[in-house]
Amino acid sequence: MINDKKVLFSGMQATGSLTLGNYLGALKNWLTLSDEYECFYSVVDMHSITVRQDPSVLRKRARALLTLYIAAGLDPKKNCIYYQSHVSGHAELSWILSCFTYMGELNRMTQFKDKAAKHADNINAGLFTYPVLMAADILLYQADVVPVGIDQMQHLELTRDIAIRFNNLYGDVFTVPEAYVGKVGAKIMSLQDPDKKMSKSDENPNGSIYLTDDPDTIVRKCRRAVTDSQACIAYRDEQPGIKNLINIYCACTDTTPEKAIKEMEGRGYGELKTAVAESVISILKPLQDEIARLEKDKTYLDGVIKENAQKANYYAMKTLRKVQRKVGFPDRIR
C-alpha cells in the first residue's frame, strides 16, 4: 500500500498496432482508477521478445505505446508509466521466483501451448517462463489488484501460488494480488469473425480497427463488417455481427444497447455501420491528434520516461532488496 492507496499493476505489450478493442476494453477504463489506486502502468517490452522482433521497430512501438498511455489521458504525475526494461528488478526478481516455481505448474499454462503452436520454429525458454516474469511484474510493486482478462487469469493464479509459497517459507514478504473487479470493459470482437476477439495479430486486416486508422479506413472496415441475412437490428447472441457493432457503438457513445436499438429503429444495416464508423472516428480523432502533439514534444516525453523509471525503480528496489535478503544473498556495500 502506497500513500494509503492500494496498488494496481497492469501493462501492455509493445508488439503490433493496438486496436479499438485494446482501447475500449482496457485502456479507457484505466483512466478512472488513479483516484482510487496507486497505479503502475508498464510497457512490457521484455515480454515482447519471446517472439523475434525487429529491434528498431520494437523501440518505436514501445515509445508509441507509452505516448498512447499519456494521450489517452493517463497523467504521468498520478500514474507510474514506464518501460519494463528500464527497471532491472523485473528480471532479477523473475530469476528468484523461477526457483520457487515448479515445472509442472508451467507445463499447465495453456498460453504456452497456444504460443508454441503459433511459433513452432522458436519455442524458447522465455516463452515457457513468461508467467514467472509476469509474476515478478506484479509482485515487485506489491500490487493488491491486477486487471486481467479470462486469458490471463491462469497466470494470476500462478502468481498468487508463488507469492503464498514464498510467504510460507520466509514470512510476510509479498502482497498476494487479487483480480481487479470493477467496471467491465467493452468486449470488442473481430469485424470479420464476431466469434473471436478483435486482435492486433489478426491476419485479416479488415477484422480490426487500429488506433492509427484514418477516417476513410475506419468507414471502409465498418462497411465490410460481417452481419447476417435477418435484416433486423437486434441485440442478441443469434446475431453476433450486429451485436458486436452495437457494442462498439455503445462503448464509443457511452450509451446502452437498449437506447442504441431505439435509435436504430427502422434503419438498415448500412445505416448502422455508418453510425458505428462515425462514433469510432469521434473518439479516435482526438486521440490521434494528441498523440501527434506529444510526439513533437520530445523533451517532455523523455522527461516522463526518466522520472517514471526512477519512481518505478525506487519501489521495485524496496521489494527486491527484501527478497534478496530473505533468500540469503549478501548485503550490498553502499
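Predicted model: local features only at pLDDT ≥ 70, side-chain atom pairs only at ≥ 80, totals over all residues.

Reader: What span does α7 reach, and what span is expected for it?

Author: The 15 residues of α7 reach 21 Å from the first C-alpha to the last, which is close to the 21 Å expected at 1.5 Å a residue.

Reader: Why is α7 called largely enclosed by the rest of the structure?

Author: Buried means under 20% relative accessible area, and 12 of the 15 residues of α7 are buried, so the helix is described as largely enclosed by the rest of the structure.

Reader: Which contact is found at the start of α7?

Author: A side-chain oxygen of N124 reaches to within 3.1 Å of the backbone nitrogen of G126, and the cut-off for a polar contact is 3.5 Å.

Reader: What makes F9 and Y141 a stacked pair?

Author: Two rings pair if their centres lie within 6.5 Å, and planes under 30 degrees apart count as stacked. The ring centres of F9 and Y141 are 6.0 Å apart and the planes stand at 5°, so the pair is stacked. The pair links distant parts of the chain, with F9 in strand β1 and Y141 in the loop between α7 and β4, 132 residues apart.

Reader: Are F9 and Y141 buried or exposed?

Author: F9 has a relative accessible area of 5% and is buried, while Y141 is buried with a value of 3%.

Reader: Why is the pair of Y314 and Y315 called edge-to-face?

Author: Planes over 60 degrees apart count as edge-to-face, and the planes of Y314 and Y315 are at 80°, with 5.0 Å from centre to centre, so the pair takes that label. Y314 counts as partly exposed at 49% relative accessibility, whereas Y315 is buried at 19%. The cut-offs for these words are under 20% for buried and over 50% for exposed.

Reader: Which residues do ring pairs link into a cluster?

Author: The cluster consists of F9, F40, Y82, Y141, Y314 and Y315, and a search of the whole structure finds 12 aromatic pairs.

Reader: What is noted about the phi of Q142 and of D254?

Author: Q142 has a positive phi of about 55° although it is not a glycine, and D254 likewise has a positive phi of about 55° without being a glycine. Most residues other than glycine have a negative phi. Q142 is in the loop between α7 and β4 and counts as buried at 16% relative accessibility. D254 lies in the loop between α10 and α11 and counts as exposed at 62%.

Reader: How many residues of α10 are buried?

Author: In α10, 11 of the 14 residues are buried, and the helix is mostly covered. The buried residues include Y249 and C250. From its first C-alpha to its last, α10 reaches 20 Å, close to the 20 Å expected at 1.5 Å a residue.

Reader: Where is K273, and what separates its C-alpha from that of Y249?

Author: K273 is in helix α12 and is buried, with a relative accessible area of 12%. The C-alpha atoms of K273 and Y249 are separated by 9.3 Å, the two residues being 24 apart along the chain.

Key. Residues numbered from 1 in each chain as written. Heavy atoms only, no water. Helix = DSSP H or I, 4+ residues; strand = E, 2+ residues; numbered from the N terminus. Buried < 20%, exposed > 50% of the residue type's maximum accessible area, 1.4 Å probe, protein only. Expected span 1.5 Å × (residues − 1). Polar contact = N/O pair within 3.5 Å; in protein donor to acceptor, adjacent residues only side chain to side chain.
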